[in-house]
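Please examine the sequence and the three-dimensional structure shown below.

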Amino acid sequence: MYDENNIFAKIIRGEIPCDKIYEDENTLFFKDINPTAKIHILAVPKSPCVDISDFVLKNDNEIVSDFFRKIEMVINKMGIKNNGYRIISNSGIDGGQEVPHFHIHILGGEKVGPQ
Ligand code: AMP
């Protein structure tokens, strides 16, 4: 069950500020407040979804593919494409997910630690 009051939902609604990297109709990218790498960006679809399954099952192919294309665009824009980066999405209790709105972490700008 999606919680409309989770912190990313509030950021998407503009109720809480964020350090924005990119925004369009369907997606929002902003800096993680507690970065674990020199570059740590959160890629967030605006669709109210808890995790990747929820996102893929609730949205049509165009929205899903647009989200991943925007991730590629931001990776390019941040200049981390050549040196490499890591993308992660935590889900649920075993995945250690803190914020119950689907998001992908983009980590780079330096050698990121083991897994
Ligand atoms: P997780 O749900 O475990 O994949 O991670 C949630 C991430 O959201 C953590 O890395 C937090 O540092 C980050 N975070 C929590 N609140 C904010 C906020 N207000 N602005 C930016 N990042 C946040």
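Phenylalanine 30 counts as buried because its relative accessibility is 4%, where buried means under 20% relative accessible area, exposed over 50% and partly exposed in between, with a 1.4 Å probe and protein chains only. The model is predicted, and local features need pLDDT of at least 70, side-chain atom pairs count only at pLDDT 80 or more, and totals for chains, interfaces and linings use all residues. Residues are numbered from 1 along each chain as its sequence is written, and side-chain values use heavy atoms, with hydrogens and water left out.

Aromatic rings may be considered next. Rings of Phe, Tyr and Trp (its six-membered ring) pair if their centres lie within 6.5 Å; planes under 30 degrees apart count as stacked, over 60 as edge-to-face and the rest as tilted. By this rule there are 6 aromatic pairs. In one of them, the ring centres of phenylalanine 8 and phenylalanine 30 are 5.4 Å apart and the planes stand at 80°, so this pair is edge-to-face. Because phenylalanine 8 belongs to helix α1 and phenylalanine 30 to strand β2, the pair ties together parts that are 22 residues apart in sequence. Helices (H or I, at least four residues) and strands (E, at least two) are DSSP runs, numbered from the N terminus. Phenylalanine 8 is likewise buried, at 7% relative accessibility.

The rings of phenylalanine 55 and phenylalanine 67 also form an edge-to-face pair, since their centres are 5.3 Å apart and their planes at 70°. Phenylalanine 55 lies in helix α2 (residues 52–58) and phenylalanine 67 in helix α3 (residues 61–77), 12 residues apart. Phenylalanine 55 is buried at 0% relative accessibility, and phenylalanine 67 is buried at 0% as well. Phe55, Phe67, Phe68 and Phe102 make up one aromatic cluster.

Where does aspartate 24 lie? Aspartate 24 is found in the loop between β1 (20–23) and β2. With a relative accessible area of 18%, aspartate 24 is buried. The side chains of aspartate 24 and lysine 70 are joined by a polar contact of 2.9 Å; such a contact is a pair of N or O atoms within 3.5 Å, where, within protein, one must be able to donate a hydrogen and the other to accept it, and residues adjacent in sequence count only if both atoms are side-chain atoms. A polar atom of the aspartate 24 side chain also lies 2.9 Å from the backbone nitrogen of asparagine 26.
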